[in-house]
Every structure is written in C-alpha cells, then in structure tokens.
Amino acid sequence: MARPGPRPGGQESAAVRYGKPLVFLLCLLPLALLGWRIAAGRLGANPVEAVLHFTGAWGLRLLLVTLAVTPLRRLTGRGWLLRFRRMLGLFAFFYVVLHVAVYLVLDRGLAWEEIVTDLAKRPYIMVGFAAFVLLVPLAVTSTRGWVRRLGRRWQLLHRSVYLIAVLGVLHFLWLVKADLREPLIYAAVLAVLLAARVPWPRLGGGQN
Amino acid sequence: MPILKPPAIPPSEITPPAVWARRRELLKAALALAGTGAGLTLGRPLLAASPPGAGALEPIPNVRPSPQSTDEPPTSRDDILGYNNFYEFGTDKEDPAATAHTLRPRPWTVVVDGACEAPGQVGIEDVLTGFTQEERIYRLRCVEAWAMVVPWVGFPLGDLLKRFKPTSQARYVAFETLLDPKQMPGQRRAVLEWPYREGLRIDEAMHPLTILATGLYGQVLPNQNGAPLRLVVPWKYGFKSIKSIVRISFTATQPVNTWNQMQPDEYGFYANVNPDVDHPRWSQARHRMIGDGLFAPKRKTLMFNGYADQVASLYAGMDLRQSF
C-alpha cells in the first residue's frame, strides 16, 4: 500500500491526468458552497453552529472517501485509483483544520481557559481533538520524499488513519443529543470500509 | 426620576406585521441598489434567506403590554420561526418549519384533570377569549447553549389552573403534548418516548412569570413554535416549555419529564438556567444569542436566565447542583 502506483501509461495516465484536476475541483466544491452561504447570509439562525457542522461533516466524509480507495482498487483491479488517495486525504485534513479553527476562533472566541476545560472534561471534544492531532503527522509525511525516507515505517505510521476515523465517528456520535441516525450511518460506512481490509479466510476450494 | 418603567410597546404595534414581514425584501432591494459588493459585508441579518413559512397568521386582538417584558431587542421573527427544537417534526432545527404544516391547531381541546375539584376541558377559542392576552417579551435559553428573545403573547398559567380548583393534593402539574403520528410525523420514530411530557412544581406553575403562550409577534402561534398552546417558563431551559399541550394534570408526586427520562444525568426535573452547573457534555456559562452573527462572541449566561430576583426564592435552601 505504501508503494507508489505504477508509472502511468496509456489509459491509466489519461485517467490520472484528467481525473486529478477534476477530483481537486470536486473537493473544493464544499468550500465554495460554504463561501457562498456565508456571503449570501444563508447559514440559518445559528451561523457559527452551521459552519462548525458543515466543515466537520466534510472532514469526516472525505476521510471515509480516502479510506474507500484501497477497497475500491481491490474490487475493480484499477491500480491507478491509489494515485488519488493522497489528494483526498489532504483535503480531509484541510476540512478538519477548518473545523478546528472554527471551533477555536468563532465558537470559543479563543477563550483558552474554556477550551482547556473542554479538552479535559468533554469526551467528544477529547476524541475529536485526538483525531485532529493524529492527522497532523500523516499530512506532514504525505509527500513523496517522506514516503521514501520512512520506508516500511511510513505504512505503519499511516495505519493510524483507521484509529483516526474511529475517533472521528465517535466524536460525532457522542455530541448528538437523541437522534443517532446520522452518526450511525457514518459508523456503518466506516465498519464496511474496515471490514473490507480484514483478510477473511477464503471459503470453499483449497486454493489460497 | 421615574421609578416605574413606562409600559413596553409591543413590537407588533410599532410596525404592521405585513410591512414588518417584508422588511427583508425591502432591505434586500435597497442593498441591491447599493451594489453587489454589499453581499460580502457578511450582513447575515440583512441578507437572510426568505422566511420559512412566515406567511401572516391570524392576529390576536387586544394584546396588552406587560411590565414583565424585557426591553432587550426581540430575535427576528424569521429566526424564531426557522430554528426550532420540536422533535415531533424532525430532529434538525430546520425540520419543524418545513414539516409542521401537518399539525391542525383548530379545533383544539385541553383536558385538565387530576387533583382538582372541577376537572374538565377547555377549547382554544375559550382560552383566547377567556383570558386577557398580554405581550411577554422573554429571554429563552436553550439547554444547548443558545438563546433568543421572544415576544410571546399569552397569559399566566396560574389564571387557568385556578379555574379548575386544585386541591391540597395538587403539589405538581403535569403536561402532555398531542400524540398523533399523522399530525406529528416525527412521532413515527422512537427518538423520544412519546408523547412529550413535562412537569412543574405547583408554586412554579402558579408563578406570575409562568405563562401559557397562544402567540408570538402579535399573531397566533405558528405550528412549529407549539401551536395552539404552549408553556413558557423563562427561567428554565427551553425543553421545559412544552409545546402543543393537550393535557394538564394536577398530581401529588413529581411527574415524569421526557428528557429526564431519556438522559437522567444530563437533563433534570428542575432544569433551571444555571451558569455554574454544566451539562455533562458542554459548559452552560455562556450562550450564543441567535441573530448575533458569525463573528460575535458568546454572551454570559445569568442565573435563572436573568430572572433571579423574581424566582430565586422558590429554591431557597435547595442544592441546585443536586436538583439541576
């Protein structure tokens, strides 16, 4: 999984060449929508809450999309899908950073005492913040140079993304008051994506 | 120096509701003339989306001002009608405005029973004509740490309760919301235990600040705000102010309240606004005032939501950390 994808050639190279800018723009679409809603005053009665939930939801969604790359690649046999993973992961990180910034600046108004209390006392903030902190080294070591430098350890380090995704879903689950339906959808998607990675023993036959 | 405040003028009298409801369109038109750059000044109060289901409702005649009203500026009608916790119509804040049209607030009967000498029932028309309707501009503080200022129309709950002659056994008052999944589609899912229930101690119920609301902004209650009759207890978290009431019962023992039943460690029976007692998952020290916009700081939450002078004596000697 750590190895860079095969050298592009023919069909693959076209898919990657045209796919990359397209995925890049698609990932920016939520940001554009948010910008428009802010400018047009279409954030509803509680704009801070709206921006907070919007950025958090997109961080989590893109994290799940990133985690879908490997199972999708195995399922379809299209190795070049791997070449989108870094961009998707970095965009997930981007929306998470926005989410944390909105929490610190707009929601808490940089009242550090309150923020520290939140971190120490509120489980949903704790797991959310832990997920953010754990994402930082993954974003930093996402470059080709770091992949080369870390070798096998890169793969080991980046496996923490499974834990991060679990923490992210828990963060959502624990902040909801009564209606767990939406966070449970995220939990179910994550469960499928994690289950797809378990090396289930093959049924029937005798071949491996 | 005047000792008494001059009587507050209801906002509904200052601007006719029809003109008032169109003020955003008027402002938008003005801004459009001023140039498109105005959109970037983040004027959320000026450039808000068109009001959700904000057609003019039936006005309530002869509404009297009340000295109990705050002189703080009321939250916009759009926000009061568009940002609601009313799980009977969905769990998102925007759901009730979109879906509460299925509720039929007329005809409507409220049953009053339990420990009283004259149990019976009362129709909404009799409630509207039989009690002097007052404008009560109250702060409303939600347990989720946001707040509004709402120009309710209503009358003291005690005035209604007295007509049914509660006995000495009546130590509490229990309330129930309508149970009808056809009118309230949110009740098809067991998000809460339906029907929604709330309760007050009898002295809280008889307190002059406690009202039954029949309207807001001078008109009958919109469905999403708890039509046709809801409780308003301004010194308690919003979930105590039960909506669309069909039953009021005098009881000898403390009644069940839905959120307490659901999460007893997070929502108490008293649910008095208290900045010193945190919700287990968030601080109650400050709140966001709806309408303050994206860059405004939160405001300090006051003990009993600022009504301590009137209600603190009800809880003398009680440990409010224990009885939260």
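Guide: Helices here are DSSP runs of H or I with at least four residues, strands are DSSP runs of E with at least two, and both are numbered from the N terminus. On that basis the secondary structure of chain A comes to 9 helices and 0 strands. The model is predicted, and local features need pLDDT of at least 70, side-chain atom pairs count only at pLDDT 80 or more, while totals for chains, interfaces and linings use all residues. Residues are numbered from 1 along each chain as its sequence is written, and chains are lettered from A and ligands numbered from 1 in the order in which they are written.

Visitor: In what order do the elements of chain A run?

Guide: From the N terminus on, the order is α-α-α-α-α-α-α-α-α. The C-alpha atoms of chain A fill a box of roughly 55 × 40 × 35 Å along the principal axes.

Visitor: What makes α5(A) roughly antiparallel to α8(A)?

Guide: In general, two packed helices are described by the angle between their axes and the distance between the axes. Axes are lines fitted to C-alpha atoms, for helices over the stretch in contact, and angles run from 0 to 180 degrees between N-to-C directions. Angles under 35 degrees count as roughly parallel, over 145 as roughly antiparallel, 65 to 115 as roughly perpendicular and the rest as oblique. The axes of α5 (residues 123-140) and α8 (residues 160-175) of chain A come within 8 Å and cross at roughly 155°. That angle therefore makes α5(A) roughly antiparallel to α8(A).

Visitor: Is the crossing of α5(A) and α8(A) left-handed or right-handed?

Guide: A crossing is left-handed if the near helix is turned anticlockwise from the far one by less than a right angle, and right-handed if clockwise. The crossing of α5(A) and α8(A) is left-handed.

Visitor: Which residues of α5(A) and α8(A) meet?

Guide: Two residues are in contact if their C-beta atoms, placed from the backbone, lie within 7 Å. Those in α5(A) include A:Tyr124, A:Val127 and A:Leu134, and those in α8(A) include A:Leu163, A:Ile164 and A:Trp174. By class the contact has 15 nonpolar, 4 polar and no charged residues. Nonpolar means Ala, Val, Leu, Ile, Met, Phe, Trp, Tyr, Cys and Pro, charged means Asp, Glu, Lys and Arg, and the others, Gly among them, are polar.

Visitor: Why is α2(A) called roughly antiparallel to α3(A)?

Guide: α2(A) and α3 (residues 85-107) of chain A pack at an angle of about 160°, with their axes 8 Å apart. That angle makes the pair roughly antiparallel. The crossing of α2(A) and α3(A) is left-handed, and the residues of their contact divide into 17 nonpolar, 6 polar and 2 charged.

Visitor: Why is A:Asp107 called partly exposed?

Guide: A residue is buried if 20 or more other C-beta atoms lie within 10 Å of its own, exposed if 12 or fewer, and partly exposed in between, with C-beta atoms placed from the backbone. A:Asp107 has 19, so it is partly exposed. A:Asp107 lies in α3 of chain A. Its C-alpha atom is 6.3 Å from that of A:Val48, 59 residues apart along the chain. Buried residues make up 26% of the 208 residues in chain A.
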